[in-house]
Amino acid sequence: MNKLVFKNSLKMLTVGAFVSLSALASPPLAADSFKVAVVSFLTGPAAGPFGVPGRNGAELVIDAINAGSMPAPYESAGFGGLQLEAIFADESGGNAKQVAEYRNLVEKQEVDAVLGYISSGSCMSVAPVAEELQTLTIMSVCGTPRLFEDSDWNYTFRTQAHAVGDSVAAALYIRDQLDDVKKYNGINQNYAWGQDSWKFFDIAMQQLIPETQAADNPQFPKLFSGQYGTEISTILLDDSDLVHSSFWDGDIEALVLQASVRGFFDKKKFISVAGASAVDNLGKRFPAGTVIGTRGEFGILVREQEGELNEWFINAYRERYGVYPLESSYQYAQSVLALKASMDKSVADNGTTPEKDQIISAMTGLNFTSLAGDVSFALGEGHQAVHPVGYGITAWNDEKDEPTVVDVKVYPAHCILPPPGQLSEDWLAAGMPGSDC
Amino acid sequence: MQTAITVFLDGMTYASYLFIVSVGLTIVFGVMKILNVAHGGFYAWGAYSAAYAIGLAAELGFPDWFAFILIGLSSMFVGIVLGVLVERLILRKLYEHEEVIVILATFGLFLVLEDFILLVFGVNPYFAYQPMVFLGSVEMGGIFRDVYSLTLLGLAAFVAFACWYVLNCTKWGKILSTVIYDREISLAIGIDVKAVFVWTFVVGTMLGALGGAYIAPTISVAPGIGIDIIVLSFAVVVIGGMGSIPGALIGALMVGNLRAIAVHKFPEFELFVIFAVMAAVLMVRPEGLFAPAKIRRI
Amino acid sequence: MMRSILLDNTVRCVIVAFMALACIGLVLPNWILNNTMFGLARGLAVLGLLLLWRTGLISLGHSLYFGLGAYAVALLEKHTGSTDIILRLVIALTVAGVIGFFLGFVLRHYRGIFFAMLSLAFSMVLYGVLVKTEALGSTDGFSVSQTTFLGWQPASKYPLFLSIIAICIVAIIGVQFYLRSAIGYLTTSVRDNEIRVEYLGYSVARAVHIKYIISAALAGVSGALIAMSLGQVDPDSMVNWTVSGELVFITIMSGPGSVVAPFIGSITFEFLRTFAFEWAPHAWQLIVGGTLLGIIFALPEGLWSLIQRLWTKKGKVL
């Protein structure tokens with residue numbers, strides 16, 4: 001452990017020329033390692049399909065960057081010269097418990113930054129506390145647009161584009177690839193993510209395919225309820241020909257199993273916004289011909305995509321964990337890369353070991369390269385990332401004897417997300433100006 | 001009409017499921033006067049061991065119908081192992097305690113059982129869809145229903161009949177009734193009450209595990225599945241009358257059908273309606289709709 | 001009467017101990033301060049349960065009042081924007097107290113398992129409503145902004161900590177006062193022989209009713225304080241049946257011996273959970289559940305009996 005030579009007050013003052021007063025008040029980072037808590041579901045129904053693959057994605061990329069074994073542009077070792085020390089924490093137990101745990105992570109375990117969070121509920125409840133405790137927090141997976149549209153945060157970032165992008169891209173894909181959709185219904189979880197996904201999907205459908213009609217009984221079962229027999233009956237009884245679902249975690253798997261036996265997928269077209277984990281977990285039991293998204297250029301959608309970073313990630317992940325990286329592995333890795341890019345940029349800008357406020361100003365509005373595409377912090381005053389979102393149709397690859405996705409279409413960010421300064425709802429109501437796809 | 005049939009069938013399937021889980025709870029309460037929160041843990045253990053066994057059998061190339069045997073075997077296994085262990089090591093020492101303290105002890109046990117699942121089975125979900133796929137689907141009321149869920153009705157009817165038969169037509173049933181009626185008198189006339197308790201608890205555990213094991217093929221078996229079912233079965237048991245088997249049947253039918261109607265017509269009342277009925281029954285007839293006659297001791 | 005209360009040994013010890021805690025609070029690291037705050041706040045609900053337990057009643061549905069208090073704080077802020085501590089506490093206390101008053105008319109006739117089950121049913125009704133209603137935040141709940149004190153927003157948590165301590169002192173004195181009163185002594189005898197108490201000419205139902213309202217109000221304040229110190233309310237951590245189970249768990253763990261026991265038990269529980277969660281993220285429930293079983297078997301009179309034993313060894317009588 002060598003002492004940080006740059007960390008003296010004189011240097012602080014020269015840097016302080018453009019750093020705010022609060023920067024002076026913030027304590028300098030103690031050692032030459034940077035401690036980050038990675039939070040994801042380690043228990044509960046979301047652990048297998050989302051939490052653990054996400055945790056593994058973060059771990060893999062963190063270890064590779066610490067060792068300097070990533071391909072370009074992340075070939076330099078360390079995060080702005082610092083080694084990143086990760087501790088892994090569990091996201092289950094409800095929002096209030098997450099807030100309590102967040103406080104413990106910051107105040108007891110004294111982490112420098114917190115990274116992760118899958119559920120929109122966790123993100124919404126943690127962001128105000130991050131502000132209160134002035135701790136850099138990078139959200140990885142959660143999707144509700146309310147996070148940055150209802151408030152501005154100084155310490156919170158999100159590397160995942162929000163649910164409006166997923167919903168608009170879904171509607172665009174339906175317009176471009178599916179014929180004969182007259183009426184659509186939905187089954188979504190009864191919390192921020194499910195409610196927002198359905199709401200924006202509905203608005204986008206009305207804008208893009210005005211001749212379609214929404215069913216009057218969209219279903220909102222409780223998150224993690226596991227049995228959907230009655231909901232499936234309700235949807236089977238109506239005359240909708242397309243069903244939208246933003247189910248994720250174990251719920252999508254349960255829904256698909258229960259629905260496929262009942263011929264649901266023969267009667268209805270199905271669009272799953274975030275269910276790609278089930279495609280891998282259920283294998284042949286997952287119905288072919290389902291429209292599937294991964295909320296970006298992630299997971300199964302980019303499994304065949306060329307590119308040094310992407311191929312390195314897939315191979316290294318398979319070698320270490322024995323399975324393909326899933327959507328959440330990419331999402332968590334993307335958050336780690338955002339941290340790496342901003343800490344490196346902070347060193348380039350300031351010439352010193354990065355400090356919290358320098359990292360934050362470096363990250364604000366940053367453009368960086370992710371595993372399979374580019375990402376930029378364009379919304380939410382430079383804190384909310386935007387990136388393209390793709391959809392495809394599930395199929396079975398007999399040659400490799402594994403699931404695959406065909407007819408992939410990727411929609412660029414400006415087609416599916418509002419421009420800076422405009423609220424999603426206003427943008428959608430105005431007919432999505434600027435979206436030219 | 002289509003809707004009516006569908007609501008009815010949805011309600012009946014859910015009711016059958018609730019009945020199978022709750023009947024074990026009510027038997028244990030009737031005989032031992034223990035309201036067992038750990039029943040939710042037994043349910044989860046049943047689901048996990050069945051899902052694990054079915055997955056393993058599928059990998060080893062056993063035919064799909066074999067899964068039904070495995071469901072039976074794994075619930076028996078869980079019932080005997082966990083039932084005997086829990087009764088011997090924990091409950092036996094608590095019979096002299098207040099009944100609410102015993103509830104708390106079973107709550108502690110429930111937490112322990114939940115996490116033991118994580119230690120034994122890990123965090124990844126298990127899928128055991130083979131039996132459900134094997135039975136396929138059938139068209140009823142204009143939509144397809146999976147046959148597997150419909151077999152729940154048969155299983156529930158079988159369990160109900162078996163309980164009725166054992167209680168009313170066998171020597172065992174007479175012994176049980178005596179113990180339920182008065183524990184001290186039973187001791188006095190030479191009934192081995194301890195043995196009756198062990199057997200009752202094993203059967204109760206087995207039925208809880210059977211509920212989990214039988215539902216396992218239709219769900220993603222993941223940690224935490226026991227939490228919601230335990231309050232639901234409390235509601236069932238309380239509505240029908242704690243300790244009464246026909247009560248559990250009526251309670252399950254009411255809760256299952258009310259829930260089905262709510263989901264179809266008033267989704268936002270799904271949970272509210274169940275517990276509102278539970279509270280209403282407790283207020284009007286605290287002993288439940290089908291309580292066994294209460295003995296008056298002087 | 002009031003003077004004799006102030007001369008009461010327990011009360012004097014409590015005041016001294018809490019004053020000391022208030023001073024230590026100035027130098028405690030934030031995470032310890034937080035956990036102590038949660039512990040003290042939750043202790044209020046446990047104190048309410050202890051009151052009921054002295055009558056032989058255990059409620060498996062006190063999360064109803066706990067949740068009402070917490071949601072009162074969140075909804076007050078959502079609809080009026082007010083974050084003032086006095087308004088928050090008053091509304092939480094009122095909502096919980098009034099609902100407790102009305103439900104008390106029903107519950108006062110129930111004993112044992114029926115009391116437990118009916119309380120459970122009432123709390124699950126609230127849970128069912130919250131989870132399914134988008135306007136009430138459904139499963140997400142709401143964030144709660146930091147508390148203001150007559151318009152002043154402090155930079156640290158310490159003023160809130162002091163307020164919690166003050167409320168705890170008031171609650172302890174109040175409950176001790178109540179237990180020493182005739183009606184307080186009475187309810188303990190209800191546990192032993194209800195019929196005999198009736199023969200003495202007292203209304204058992206009324207005595208139970210009063211206790212129930214007090215415990216409901218305490219749980220409401222407790223929920224409000226937790227919401228304020230945590231900054232978040234949601235149905236699964238505030239209203240679900242597991243929360244009631246946890247509260248009863250702390251009650252049993254603390255033991256019925258003293259009005260101070262709930263606070264000691266509750267703070268212990270808070271730290272137990274924090275460490276269990278840190279050391280064994282996959283098995284923290286196992287540690288918590290195991291502790292519960294251990295206490296029921298090894299320390300049926302709770303942690304308080306342990307403390308008592310230590311004190312008497314030193315030759316002091318508390």
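Author: Happy to. Keep in mind that this is a predicted model. Let's start with strand 8 of chain A and strand 9 (residues 269-272) of chain A, which run parallel and are joined by four bridges. One pair to look for is His244(A), whose bridge partner in strand 9 of chain A is Ile271(A). Strand 8 of chain A also pairs with strand 6 (residues 183-186) of chain A, again in the parallel sense, over three bridges. There, Tyr184(A) stands opposite Leu242(A) of strand 8 of chain A.

Now, is strand 8 of chain A buried on one side, or covered on both faces? The strand takes in residues 242-245, and both of its faces are covered. On one side sit Leu242(A) and His244(A), on the other Val243(A) and Ser245(A), and all of them are buried. So that you can check this yourself, a residue is called buried if 20 or more other C-beta atoms lie within 10 Å of its own.

Next, the division of the chain. Chain A is split into domain 1 (9-162 + 305-386) and domain 2 (164-304 + 389-429). The C-alpha centres of these two domains of chain A lie 28 Å apart. Where they touch, 30 residues come from domain 1 of chain A and 33 from domain 2 of chain A. On the domain 1 side of that contact, the elements giving two or more residues are helix 3 (47-67), helix 5 (120-133), helix 6 (146-149), helix 13 (308-321), helix 14 (327-350) and strand 12 (374-379) of chain A. That side of domain 1 of chain A is made of 16 nonpolar, 11 polar and three charged residues.

A helix worth a look is helix 7 of chain A, residues 163-177. Among the buried ones are Val164(A), Asp166(A), Leu172(A) and Tyr173(A).

There is a set of antiparallel strands in chain A to visit too. Strand 10 (residues 291-293) of chain A pairs with strand 14 (residues 389-397) of chain A in the antiparallel sense, over three bridges. If you find Gly293(A), its bridge partner in strand 14 of chain A is Tyr391(A). Strand 14 of chain A is also joined by eight bridges to strand 15 (residues 402-411) of chain A, and these two run antiparallel. Here Thr394(A) has Val405(A) of strand 15 of chain A as its bridge partner. Strands 14 and 15 of chain A form a hairpin with four residues between them, and in the turn Asp401(A) has a positive phi of about 55°.

Let's move on to the neighbouring chains. The contact between chain A and chain C takes 27 residues from chain A and 25 residues from chain C. On the chain A side, strand 2 (83-90), helix 4 (95-108), helix 5 and helix 8 (192-208) of chain A each supply at least two residues. Helix 4 of chain A gives the most, with 10 residues. By class, this side of chain A has 11 nonpolar, eight polar and eight charged residues.

Chain C also touches chain B, with 35 residues of chain B in contact with 37 residues of chain C. On the chain B side, helix 4 (99-121), helix 10 (226-240) and helix 12 (270-284) of chain B each give two or more residues. The largest share, 17 residues, comes from helix 4 of chain B. That side of chain B divides into 28 nonpolar, one polar and six charged residues.

Helix 3 of chain C has a kink of about 30°, centred on Leu44(C). Of its 25 residues, 21 are buried, so helix 3 of chain C is largely enclosed by the rest of the structure. Just after this helix, Gly56(C) takes a positive phi of about 90°.

Technical notes:
Residues are numbered from 1 along each chain as its sequence is written. Chains are lettered from A and ligands numbered from 1 in the order in which they are written. This is a predicted model: local features need pLDDT of at least 70, side-chain atom pairs count only at pLDDT 80 or more; totals for chains, interfaces and linings use all residues. Domain bounds come from an automatic or database domain assignment. Two residues are in contact if their C-beta atoms, placed from the backbone, lie within 7 Å. Ala, Val, Leu, Ile, Met, Phe, Trp, Tyr, Cys and Pro count as nonpolar, Asp, Glu, Lys and Arg as charged, and the others, Gly among them, as polar. Two strands pair if DSSP finds at least two bridges between them. The bend at a residue is the angle between axes fitted to the seven residues ending there and the seven starting there. A residue is buried if 20 or more other C-beta atoms lie within 10 Å of its own, exposed if 12 or fewer, and partly exposed in between; C-beta atoms are placed from the backbone. The expected span of a helix is 1.5 Å times one less than its number of residues.
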